Amino acid sequence: MSSAVFVSRHPLVQHKLALLRSKWTEPKKFRELVREIAQLLFYEATQDLALAPLTVETPLATCAGYEVAERIGIIPILRAGLGMAEAIVEILPTVHVWHLGLYRDHETLQPVTYYNKLPSKPDIDLTIIVDPMLATGGSAVAAVDILKQWGAQRIKFLGLIAAPEGVRALSEAHPDVAIHLAAIDSHLNERGYIVPGLGDAGDRQFGTG
Ligand code: PRP
Ligand code: URA
């Protein structure tokens, strides 16, 4: 078994992704594009959410409607996942946001965990990890390990750009985790960066590096 992998073919996603990749895109515009693409991918990744019926009073009459019936936890991997999490809160304010701090050691490329804000009980129906880049896959695999040890039952990964190596690593380690992306690129370079990619997603959002 391997993960279900969804790469968006939506024209708006592809249009905005090209702008995001450009080295001429400044941090302010970059953050705006991360937010917009994250919302579009979240929309696509949540088509299977369960709904509960409710009654709505319009100014004219009473009618049937629906509300999202699932408790959703968004898990941004710091730092670069922050912008994606904020974008999701904008369109679905009922989600919970629990931060995980992981960074890649520049020498070994291994993930280092430095922060965990998960609550004590996994009182949640669906958790969605958000991180723009799936490179070696080390950070995503570590994040899913942490969520599973915590007790999460249903986990999705939402990213912007992946390398084939990262998709393979995540899919082999956690075949039950669906992967939603805007693109799968060519390869990783010798420093573990996705090619063509967009560079360092954290640095580009926060103007560091
Ligand atoms: C980036 C990115 C992922 C990780 C992906 O974070 O946001 O978390 O690298 O690489 P991997 O798939 O090889 O693990 P980074 O370590 O640069 O930290 P930052 O978000 O604080 O910049
Ligand atoms: N992290 C990034 O921000 N970019 C890459 O290309 C790989 C890891």
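1. A polar side-chain atom of threonine 136 lies 2.5 Å from an oxygen atom of ligand 1, and a polar side-chain atom of aspartate 131 is also placed 2.5 Å from an oxygen atom of this ligand. From the backbone, a polar atom of arginine 104 is 2.8 Å from an oxygen atom of ligand 1. A polar contact here is a pair of N or O atoms within 3.5 Å; within protein, one must be able to donate a hydrogen and the other to accept it, and residues adjacent in sequence count only if both atoms are side-chain atoms. The protein covers 91% of the 500 Å² of accessible area that ligand 1 has on its own (areas come from the Shrake-Rupley method with a 1.4 Å probe; for residues, only the protein chains shown count as cover).

2. A word on what you are looking at: this is a predicted model, in which local features need pLDDT of at least 70, side-chain atom pairs count only at pLDDT 80 or more, and totals for chains, interfaces and linings use all residues. Residues are numbered from 1 along each chain as its sequence is written, chains are lettered from A and ligands numbered from 1 in the order in which they are written, and side-chain values use heavy atoms, with hydrogens and water left out.

3. On a 1 Å grid over the protein atoms alone, a pocket is an open set of points with protein on both sides within 12 Å along at least five of seven lines, whereas a cavity is a set where a 1.4 Å probe fits but cannot get out; lining residues have an atom within 4 Å of a point. A molecule sits in one of these if more than half of its atoms lie within 2 Å of its grid points. The elements that give two or more residues to the shell are β4 (72-78), β6 (100-104), β9 (133-134) and α4 (138-150); helices (H or I, at least four residues) and strands (E, at least two) are DSSP runs, numbered from the N terminus.

4. Who is in that shell? Ligand 1 is surrounded by 16 residues, and the closest are Arg104, Asp131, Thr136, Gly137 and Ser139 (a residue is near a molecule or strand if one of its heavy atoms lies within 4 Å of it). By class, the shell holds seven nonpolar, five polar and four charged residues. For this count, Ala, Val, Leu, Ile, Met, Phe, Trp, Tyr, Cys and Pro are nonpolar, Asp, Glu, Lys and Arg are charged, and the others, Gly among them, are polar. Glycine 137 is in the loop between β9 and α4 and is buried, with a relative accessible area of 5% (buried means under 20%, exposed over 50%, partly exposed in between; 1.4 Å probe, protein chains only).

5. The residues around ligand 2 are Arg104, Met133, Ala135, Gly192, Tyr193, Ile194, Gly199, Asp200 and Ala201. They divide into five nonpolar, two polar and two charged. A nitrogen atom of ligand 2 is 2.8 Å from a backbone N or O atom of glycine 199. The protein covers 89% of the 230 Å² of accessible area that ligand 2 has on its own, and ligand 2 sits in the largest pocket.

6. Some backbone details are worth a look on screen. Valine 195 and proline 196 are joined by a cis peptide bond, with omega about 0°; proline 196 is in the loop between β15 (194-195) and α6 (201-206). The peptide bond from leucine 78 to arginine 79 is cis too, with omega near -5°, and arginine 79 lies in the loop between β4 and α3 (82-91). Leucine 109 has a positive phi near 65° although this residue is not glycine; its place is the loop between β6 and β7 (111-116).

7. Finally, a few buried residues. Leucine 100, in strand β6, has a relative accessible area of 0%. Leucine 41 lies in helix α2 (residues 27-45) and is buried at 2%; leucine 41 and alanine 182 are 141 residues apart in sequence, yet 7.3 Å apart in space, C-alpha to C-alpha. Histidine 180, in strand β12 (residues 178-181), is buried at 7%.
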